[in-house]
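User: I would like to learn how to read a few features in a structure. Can we take them one at a time?

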Amino acid sequence: MPATWIEHRGRQVLFFDYRGQKTDRELIDTLEAGSAMMQPLRHPALLYNDFEDSIIGSVFMKRVKQVGRMNARLIDRSALTGISGLKVIFFNAYLRATGERSTRAFSTRDEALDFLVG
(Lines give C-alpha, C1' and ligand atoms only; values in the text may rest on other atoms or scores of the structure.)
Protein backbone atom coordinates (compact mmCIF):
# COMPACT_ATOMS: atom_id res chain seq x y z
CA MET A 1 0.00 0.00 0.00
CA PRO A 2 1.51 3.35 -0.99
CA ALA A 3 0.21 5.27 2.03
CA THR A 4 -0.79 3.89 5.41
CA TRP A 5 -0.99 4.79 9.07
CA ILE A 6 1.78 3.44 11.30
CA GLU A 7 2.36 3.88 15.02
CA HIS A 8 5.57 5.07 16.64
CA ARG A 9 5.84 5.52 20.39
CA GLY A 10 2.08 5.63 20.71
CA ARG A 11 1.57 8.33 18.04
CA GLN A 12 -0.04 7.90 14.64
CA VAL A 13 2.14 8.74 11.64
CA LEU A 14 1.01 8.78 8.01
CA PHE A 15 3.60 6.81 6.05
CA PHE A 16 4.08 7.66 2.37
CA ASP A 17 5.95 4.64 0.96
CA TYR A 18 7.74 5.77 -2.22
CA ARG A 19 10.42 3.07 -1.92
CA GLY A 20 11.46 1.71 -5.29
CA GLN A 21 9.04 3.86 -7.27
CA LYS A 22 10.60 4.94 -10.56
CA THR A 23 7.85 6.83 -12.44
CA ASP A 24 6.06 10.10 -11.83
CA ARG A 25 2.74 8.20 -12.02
CA GLU A 26 3.71 5.83 -9.19
CA LEU A 27 4.96 8.69 -7.04
CA ILE A 28 1.90 10.85 -7.70
CA ASP A 29 -0.44 7.93 -6.95
CA THR A 30 1.23 7.52 -3.55
CA LEU A 31 1.09 11.27 -2.92
CA GLU A 32 -2.60 11.45 -3.83
CA ALA A 33 -3.48 8.40 -1.72
CA GLY A 34 -1.84 9.91 1.36
CA SER A 35 -3.35 13.32 0.69
CA ALA A 36 -6.83 11.76 0.53
CA MET A 37 -6.21 10.08 3.88
CA MET A 38 -5.40 13.47 5.41
CA GLN A 39 -8.55 15.28 4.27
CA PRO A 40 -10.94 14.11 7.03
CA LEU A 41 -8.44 14.84 9.84
CA ARG A 42 -9.39 17.27 12.58
CA HIS A 43 -5.79 17.89 13.66
CA PRO A 44 -2.54 18.24 11.70
CA ALA A 45 -0.77 14.96 10.96
CA LEU A 46 2.77 13.68 11.30
CA LEU A 47 4.09 12.55 7.90
CA TYR A 48 6.91 10.13 7.14
CA ASN A 49 8.11 9.86 3.52
CA ASP A 50 10.55 7.13 2.45
CA PHE A 51 12.17 7.73 -0.97
CA GLU A 52 14.73 4.91 -0.79
CA ASP A 53 15.62 3.63 -4.28
CA SER A 54 13.07 5.92 -5.94
CA ILE A 55 13.56 8.27 -8.87
CA ILE A 56 12.05 11.74 -8.47
CA GLY A 57 11.17 13.74 -11.58
CA SER A 58 10.00 17.26 -12.28
CA VAL A 59 6.35 16.25 -12.90
CA PHE A 60 6.16 14.72 -9.44
CA MET A 61 7.88 17.73 -7.88
CA LYS A 62 5.38 20.11 -9.48
CA ARG A 63 2.50 18.09 -8.08
CA VAL A 64 4.03 17.67 -4.63
CA LYS A 65 4.42 21.46 -4.38
CA GLN A 66 0.75 21.94 -5.25
CA VAL A 67 -0.44 19.29 -2.80
CA GLY A 68 1.91 20.60 -0.12
CA ARG A 69 0.40 24.08 -0.38
CA MET A 70 -3.16 22.72 -0.35
CA ASN A 71 -2.50 20.53 2.70
CA ALA A 72 -0.26 22.88 4.69
CA ARG A 73 -2.84 23.26 7.45
CA LEU A 74 -3.07 19.46 7.78
CA ILE A 75 0.66 18.91 8.36
CA ASP A 76 2.24 19.18 11.81
CA ARG A 77 5.70 17.78 10.94
CA SER A 78 7.14 15.88 8.04
CA ALA A 79 10.25 13.70 7.84
CA LEU A 80 11.96 12.13 4.85
CA THR A 81 14.49 9.37 4.31
CA GLY A 82 16.16 8.14 1.13
CA ILE A 83 17.14 11.65 0.05
CA SER A 84 20.56 11.88 -1.59
CA GLY A 85 22.16 13.11 -4.79
CA LEU A 86 19.72 14.84 -7.13
CA LYS A 87 16.88 14.27 -4.66
CA VAL A 88 18.55 16.77 -2.29
CA ILE A 89 18.22 19.47 -4.96
CA PHE A 90 14.52 18.66 -5.45
CA PHE A 91 13.98 18.60 -1.69
CA ASN A 92 15.59 22.01 -1.23
CA ALA A 93 13.53 23.41 -4.14
CA TYR A 94 10.38 22.09 -2.47
CA LEU A 95 11.29 23.78 0.81
CA ARG A 96 11.93 27.10 -0.94
CA ALA A 97 8.73 26.89 -3.03
CA THR A 98 6.44 26.04 -0.13
CA GLY A 99 8.15 27.94 2.67
CA GLU A 100 7.95 24.71 4.65
CA ARG A 101 9.79 24.86 7.95
CA SER A 102 8.63 21.68 9.69
CA THR A 103 10.11 19.21 7.20
CA ARG A 104 13.50 17.56 7.64
CA ALA A 105 15.51 14.82 5.95
CA PHE A 106 17.14 12.00 7.93
CA SER A 107 19.50 9.10 7.30
CA THR A 108 17.39 6.45 9.03
CA ARG A 109 13.75 5.61 9.60
CA ASP A 110 14.20 5.63 13.38
CA GLU A 111 15.73 9.13 13.35
CA ALA A 112 12.86 10.38 11.18
CA LEU A 113 10.14 8.86 13.34
CA ASP A 114 11.77 10.05 16.57
CA PHE A 115 11.85 13.61 15.16
CA LEU A 116 8.15 13.39 14.35
CA VAL A 117 6.98 12.23 17.74
CA GLY A 118 9.59 14.09 19.79
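User: Is Arg-9 buried or exposed?

Analyst: This is a predicted model. Exposure is read from relative accessible area, and over 50% counts as exposed. Arg-9 has 63% relative accessibility, so Arg-9 counts as exposed. Arg-9 sits in the loop between β1 (3–8) and β2.

User: What is the phi of Arg-9?

Analyst: Phi of Arg-9 is near 50°. That is a positive value in a residue other than glycine. Asp-53 is another case: phi is near 60°, again positive in a non-glycine residue. Asp-53 lies in the loop between β3 and α2. With 51% relative accessibility, Asp-53 counts as exposed.

User: Where is Thr-23, and how does its accessibility class read?

Analyst: Thr-23 belongs to the loop between β2 and α1. Thr-23 has 38% relative accessibility, so Thr-23 counts as partly exposed. Thr-23 and Ser-54 are 31 residues apart along the chain, and their C-alpha atoms are separated by 8.4 Å.

User: Now helix packing. At what angle do the axes of α1 and α2 cross?

Analyst: Read the approach and the angle together. The axes of α1 (residues 24–38) and α2 (residues 58–70) come within 9 Å and cross at roughly 15°. Angles under 35 degrees count as roughly parallel. The two helices, α1 and α2, are therefore roughly parallel to each other. The crossing of α1 past α2 is right-handed.

User: Which residues make that contact?

Analyst: From α1 come Asp-24, Leu-27, Ile-28, Leu-31, Glu-32 and Ser-35. From α2 come Val-59, Phe-60, Arg-63, Val-64 and Val-67. By class, the contact of α1 with α2 has 7 nonpolar, 1 polar and 3 charged residues.

User: How do α2 and α3 cross, and what makes the contact?

Analyst: The axes of α2 and α3 come within 10 Å, crossing at roughly 35°. The crossing of α2 past α3 is right-handed. On the α2 side, the contact uses Ser-58, Met-61, Val-64, Lys-65, Gly-68 and Arg-69. On the α3 side, it uses Phe-90, Ala-93, Tyr-94, Ala-97 and Thr-98. The contact of α2 with α3 divides into 6 nonpolar, 3 polar and 2 charged residues.

User: Next, cores. How many residues has the largest nonpolar core?

Analyst: In soluble globular proteins, nonpolar side chains tend to be buried together. Here the largest nonpolar core has 23 residues. Those with the most contacts inside it are Tyr-18, Met-38, Leu-47, Phe-51, Phe-60 and Met-61. The elements giving two or more residues to this core are β2 (11–17), α1, β3 (45–50), α2, β4 (75–81) and α3 (86–98).

User: What does Phe-51 touch?

Analyst: Skip residues up to four places away in sequence. Phe-51 then touches Tyr-18, Ile-56, Phe-60, Leu-80, Thr-81, Gly-82, Ile-83 and Lys-87. Another core, of 11 residues, lies apart from the largest one. Its members include Phe-15, Tyr-48, Ala-112 and Phe-115.

User: Where is Phe-115, and is it buried or exposed?

Analyst: Phe-115 is in helix α4 (residues 109–117). Under 20% relative accessible area means buried. Phe-115 has 15%, so Phe-115 is buried.

User: What is Phe-115 in contact with, beyond its neighbours within four places in sequence?

Analyst: Phe-115 contacts Arg-77, Ser-78, Ala-79, Ser-102, Arg-104 and Phe-106. Phe-115 and Ala-105 are 10 residues apart along the chain, with their C-alpha atoms separated by 10.0 Å.

Conventions. Residues are numbered from 1 along each chain as its sequence is written. This is a predicted model: local features need pLDDT of at least 70, side-chain atom pairs count only at pLDDT 80 or more; totals for chains, interfaces and linings use all residues. Side-chain values use heavy atoms; hydrogens and water are left out. Axes are lines fitted to C-alpha atoms, for helices over the stretch in contact, and angles run from 0 to 180 degrees between N-to-C directions. Helices (H or I, at least four residues) and strands (E, at least two) are DSSP runs, numbered from the N terminus. Angles under 35 degrees count as roughly parallel, over 145 as roughly antiparallel, 65 to 115 as roughly perpendicular and the rest as oblique. A crossing is left-handed if the near helix is turned anticlockwise from the far one by less than a right angle, and right-handed if clockwise. Contact means heavy atoms within 4.5 Å. Ala, Val, Leu, Ile, Met, Phe, Trp, Tyr, Cys and Pro count as nonpolar, Asp, Glu, Lys and Arg as charged, and the others, Gly among them, as polar. Buried means under 20% relative accessible area, exposed over 50%, partly exposed in between (1.4 Å probe, protein chains only). A nonpolar core is a set of buried Ala, Val, Leu, Ile, Met, Phe, Trp, Tyr and Cys residues joined through side-chain atoms within 4.5 Å.
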